[in-house]
Amino acid sequence: MVTARSEPDAGRDRLPALAEVAGLETQPTPFLAVDLDTVGENIRRLEGAFAGRPQRLRPHAKTHKCSALARLQVAAGAIGMTCSTSDEVAALAAAGIESLVLANVVTDPTRLQTLAAIAGTCDLTLVVDSGVTARLASDAAREAGTMLGFLVELDIGMRRNGVQTVGEAIELVEQSVDLPGLRFEGVQAYEGHLIDIVERRERRAAVLASFAPAVELIHALEDRGYASPRLTGSSSATYDASGFLPEMREVQAGTYVLMDATYRELTPEFVPALAVVCSVTSSRANGEIVVDVGTKRLAFDWGVPAWPGGAAEYVGNSEEHMQFRHVSGPAPAVGQRIALTPAHACSTMSMYRLAFGCRDGRLVDELVTDGRDPLA
Ligand SMILES: Cc1ncc(COP(=O)(O)O)c(C=O)c1O
């Protein structure tokens with residue numbers, strides 16, 4: 001992932017104020033806070049990018065695992081939600097979201113049983129990439145007496161799930177289309193290996209090239225008589241490339257809603273809305289700062305967090321501590337609260353049972369991450 005960091009624009013960015021929200025003064029640090037006004041702006045900005053276009057948003061719930069945030073996205077126009085786990089599917093279905101895509105291949109029998117049961121309560125589609133996974137999904141749906149939609153995943157370069165060629169994809173559709181309990185929906189293709197190309201034009205060109213086989217597959221399926229198979233994929237960093245393809249039907253962008261220091265470099269039109277609020281435990285005359293959050297409560301898988309206004313630089317971390325070096329402005333006082341922007345919102349969000357939803361400097365909601373694995 002990208003490692004360079006620049007701070008969000010002052011003025012547009014309400015994150016620093018999350019350290020001083022009325023109603024959270026006695027909340028022990030570290031905790032997660034979300035600025036809901038910024039969330040609303042991010043949602044409207046992406047919906048606006050698709051106004052007048054045929055594609056619809058199906059935002060990826062892996063970013064927040066939170067049905068309250070998913071409801072905001074659906075209320076603003078999303079056609080439904082994308083999920084990465086059966087726990088997310090269960091939470092969103094229970095919250096009344098009527099159309100869900102599980103964008104992952106599932107083979108675990110208990111999870112498949114759960115999904116097949118949920119398919120009796122909402123429109124649920126999952127992804128297959130082999131005859132075995134299609135058969136497992138079919139068996140689960142047949143046993144539950146329900147129908148699961150299925151998408152064939154085509155690997156367009158990420159080397160994660162997905163069949164490897166257009167020919168294999170067509171063969172899998174033809175093998176699976178008549179399986180009991182399954183309903184053919186279309187194709188999933190995701191360009192996750194290209195989202196961090198920093199130069200936007202270069203990113204766009206690479207993404208469009210990577211989607212050529214997916215577009216070819218959609219047309220090949222149409223030529224074989226499959227009625228408007230849907231193509232679903234894209235991301236917060238590539239929505240204006242793959243998301244604008246005429247063949248694309250659903251855009252699975254996730255991070256745009258909360259944003260983080262990594263995506264801020266890639267798509268500055270969206271603004272960070274999520275902070276880990278921590279306390280300064282040491283602030284020394286030589287500029288060394290220590291805060292009370294470490295790797296157990298802030299994800300480092302995509303790099304280091306950003307200090308508000310770039311006033312301190314990251315130095316190091318341990319499980320419950322992080323060190324910074326003060327570089328500009330007034331030195332932080334011991335005990336002062338700081339709102340750090342994580343490098344990876346999705347991994348950080350899933351470390352917490354809830355995030356505090358704030359507006360205008362006030363606590364307004366508890367955003368429960370009800371889509372987390374209950375064992376996590
Ligand atoms: C299948 C799938 N679709 C879409 C996305 C896009 O998410 P984001 O907008 O966070 O890049 C992801 C990210 O992990 C994904 O795995």
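Residues are numbered from 1 along each chain as its sequence is written, and side-chain values use heavy atoms, with hydrogens and water left out. Because the model is predicted, local features need pLDDT of at least 70 and side-chain atom pairs count only at pLDDT 80 or more, while totals for chains, interfaces and linings use all residues.

We begin with the helices. Helices (H or I, at least four residues) and strands (E, at least two) are DSSP runs, numbered from the N terminus. Two packed helices are described by the angle between their axes and the distance between the axes. Axes are lines fitted to C-alpha atoms, for helices over the stretch in contact, and angles run from 0 to 180 degrees between N-to-C directions.

Helix 1 (residues 36-49) packs against helix 2 (residues 67-75) at an angle of about 40°, and their axes are 10 Å apart. Helix 1 and helix 2 are therefore oblique to each other (angles under 35 degrees count as roughly parallel, over 145 as roughly antiparallel, 65 to 115 as roughly perpendicular and the rest as oblique). Their crossing is right-handed, which is the term used if the near helix is turned clockwise from the far one by less than a right angle; anticlockwise is left-handed. Helix 1 contributes Leu36, Val39, Ile43 and Glu47 to the contact, and helix 2 contributes Leu69, Leu72 and Gln73 (contact means heavy atoms within 4.5 Å). By class, the contact of helix 1 with helix 2 has 5 nonpolar, 1 polar and 1 charged residues. Here Ala, Val, Leu, Ile, Met, Phe, Trp, Tyr, Cys and Pro count as nonpolar, Asp, Glu, Lys and Arg as charged, and the others, Gly among them, as polar.

A second pair is formed by helix 4 (residues 109-118) and helix 5 (residues 131-144), whose axes come within 8 Å and cross at roughly 55°. Helix 4 and helix 5 are therefore oblique to each other, and helix 4 passes helix 5 in a right-handed crossing. On the helix 4 side, Leu112, Gln113, Ala116 and Ala117 meet Leu136, Ala137, Ala140, Ala141 and Ala144 in helix 5. These residues divide into 8 nonpolar, 1 polar and no charged.

We turn now to charged side chains. Side chains of opposite charge can pair when their charged atoms come close. The structure holds 18 salt bridges (a salt bridge is a side-chain nitrogen of Lys or Arg within 4 Å of a carboxyl oxygen of Asp or Glu).

One of them joins Asp123 and Arg183, at 3.0 Å from N to O. Asp123 lies in strand 5 (residues 123-128) and Arg183 in strand 7 (residues 182-189), so this pair ties together parts that are 60 residues apart in sequence. Asp123 is partly exposed, with a relative accessible area of 34%, and Arg183 is partly exposed at 28% (buried means under 20% relative accessible area, exposed over 50%, partly exposed in between, with a 1.4 Å probe and protein chains only). Asp123 and Arg183 also belong to a network of salt bridges that links them with Arg58, Glu185, Arg230 and Glu250.

Another salt bridge joins Lys296 and Glu319, at 2.5 Å from N to O. Lys296 lies in the loop between strand 11 (288-291) and strand 12 (312-317), and Glu319 in the loop between strand 12 and strand 13 (322-326), so the pair ties together parts that are 23 residues apart in sequence. Lys296 is partly exposed at 46%, and Glu319 is partly exposed at 45%.
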